[in-house]
Amino acid sequence: MKTADLIVIGGGLAGLMAASVAASHGQKVTVLTYGSGSLPLASGAIDFLDALAPDASIKRLPDNHPYSKIGLNNIDAAAKFLVDIAAQANLPYVGRLSAQTPVVTAVGTLKFSALVPESMNATRLADKKKIFVVGFKGLKDFYAQMITSNLSRYFPDKEFEFTKRDLKFLGGRDITCMDAAQLVTDNEQALANELKQLHATEDDAIVLPPIFGIMGNFSRSAVQTQLRADIIETTCLPPSPPGMRLQRAFMKHLQASGVRFFENSKVVRGVTQGRKVTGVVVESAVREKIFPAKKFILATGGFYSGGLTMREFDNPREPIFDLPVYFPEGADNWSNKELFSGEPQGFATTGIITNDKLNPVDAAGNVIFDNLHVVGANLGGCDKIFERSAGGIAIASAYAAAVES
Ligand SMILES: Cc1cc2nc3c(=O)[nH]c(=O)nc-3n(C[C@H](O)[C@H](O)[C@H](O)COP(=O)(O)OP(=O)(O)OC[C@H]3O[C@@H](n4cnc5c(N)ncnc54)[C@H](O)[C@@H]3O)c2cc1C
């Protein structure tokens, strides 16, 4: 087995980003993963922090926060890299770290993110006179009337109209946005014809579920060019076409860059010599296989993806290298009384602690492996859901680890 420059363990947002960045720096990269992670479930927008200006607030975070270790230069470079990779797959993103861009959620509220697919950019609603909200017969979890009712509170001066259209090609069954997106790809003209019947003008916007395919912006462009009104996609309940489009954009880049990508490959343990990882062992039906490399990036996610496990309370584990896992000790500190309280949840801060190079460290700050870097959802020390930093930490840590020599 040839020794790779870099092995990335995990093919979620952080793993894909790390592999793409390293490959674009000329590294020979192998990705080992046994699942697609949470990206196909995610909105496609990348949240960096719940703040008016994420970059200014990131500068004020404490030293032990993952962002403080990653540094603003890497965070900024990561955002630019993602926008570039997506653009190469005809998936334009808008936004910047110094401000937030709104998107319409599946229930008609506005959510603000630093990086947003251009198809979801709700800034464009501001200068419209009339907003059409369009649902489709048979499509689950998209309620045009409820969305209209909630959205009109943000825009009391605008006219709203909601409607439910019957697209025969959707089959009238109970289908998800992901099913619809795949069907729309072969029926763009039928969708365009249906939307033309709204007689919407350039003063209007048409708010729709994200059903314009799972490859870039191709289907939306095909329909948009036939309409005068601006089409704006909402987020949706999982599975999510915009998340899938971003995943496809990364996969396109990895394939073009010659990255070796092994799916259904569960890494079960590391092979180590002192403070060096020399290989990882992949489970196989016949026999275990060792993959050697000079450098390793652990992007296995948190509890959701099996990057962290907890068979007994107060004993969370990292199952591949048995790295120390930080967690708030004591049941009282584990969670707040209310799930949606105004404070971070202790359990959500559980994860691996690193130094500034993202090498895992023990409680005393000693580096455990010099050529292993930890990125994404398995980093500990902050509640990424509460502070709305999950996507930002995933891509920024991945970028920083990939460029670290
Ligand atoms: C429903 C949902 C909606 C979200 N919406 C947003 C949003 O709007 N904005 C935002 O910024 N973020 C959002 N996120 C969060 C964001 O998508 C995640 O933070 C990010 O995907 C974390 O990426 P990750 O790569 O670290 O982990 P994951 O996505 O969990 O990926 C980990 C990968 O590692 C693999 N793996 C685990 N163990 C092994 C092993 N032993 N061997 C090989 N492979 C292994 C897993 O199979 C998986 O592929 C959302 C997440 C979810 C679930």
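Helices (H or I, at least four residues) and strands (E, at least two) are DSSP runs, numbered from the N terminus. The model shown is predicted: local features need pLDDT of at least 70, side-chain atom pairs count only at pLDDT 80 or more, and totals for chains, interfaces and linings use all residues. Residue numbers start from 1 along each chain, as its sequence is written.

**View 1. The whole protein.** The protein has 11 helices and 15 strands. Its C-alpha atoms fill a box of roughly 70 × 45 × 40 Å along the principal axes. The radius of gyration is 22 Å, which agrees with the value near 22 Å for a compact globule of 405 residues. That radius is taken over C-alpha atoms, and the globule rule is 2.2 Å times the number of residues to the power 0.38. Buried residues make up 47% of the 405 residues. A residue is buried if 20 or more other C-beta atoms lie within 10 Å of its own, exposed if 12 or fewer, and partly exposed in between; C-beta atoms are placed from the backbone. Among contacts between residues at least 6 apart in sequence, 70% join residues at least 24 apart. Two residues are in contact if their C-beta atoms, placed from the backbone, lie within 7 Å.

**View 2. The shell around the ligand.** The ligand is surrounded by 37 residues. A residue is near a molecule if its C-beta atom, placed from the backbone, lies within 6 Å of it. The closest are Gly 12, Gly 37, Gly 301, Gly 376 and Gly 391. Helices α1 (13–24) and α11 (390–403) each supply at least two residues of this shell. By class, the shell has 18 nonpolar, 17 polar and 2 charged residues. Ala, Val, Leu, Ile, Met, Phe, Trp, Tyr, Cys and Pro count as nonpolar; Asp, Glu, Lys and Arg count as charged; the others, Gly among them, count as polar.

**View 3. Helix α4 against helix α9.** Helix α4 (residues 72–88) and helix α9 (residues 241–256) pack at about 85 degrees, with their axes 8 Å apart. That makes α4 roughly perpendicular to α9. Angles of 65 to 115 degrees count as roughly perpendicular, under 35 as roughly parallel, over 145 as roughly antiparallel and the rest as oblique. Axes are lines fitted to C-alpha atoms, for helices over the stretch in contact, and angles run from 0 to 180 degrees between N-to-C directions. From α4, the contact uses Ile 85, Ala 86 and Gln 88; from α9, it uses Leu 246, Ala 249, Phe 250 and His 253. This contact has 5 nonpolar, 2 polar and no charged residues.

View 4. Most residues other than glycine have a negative phi, and most peptide bonds are trans. The peptide bond from Pro 238 to Pro 239 is cis, with omega near -5 degrees. Pro 239 sits in the loop between β10 (230–233) and α9. Asn 264 has a positive phi of about 50 degrees. Its loop runs between β11 (260–262) and β12 (267–273). Arg 388 has a positive phi too, near 50 degrees, and lies in the loop between β15 (372–374) and α11. Is Arg 388 buried or exposed? Arg 388 is buried, with 20 other C-beta atoms within 10 Å. Asn 264 is exposed, with 11.

**View 5. Leu 115 in its loop.** Leu 115 is in the loop between β5 (110–113) and β6 (116–117). Leu 115 is buried, with 26 other C-beta atoms within 10 Å. Leaving aside residues up to four places away in sequence, Leu 115 touches Ala 45, Ile 46, Ala 79, Leu 82, Val 83, Tyr 93 and Gly 95.
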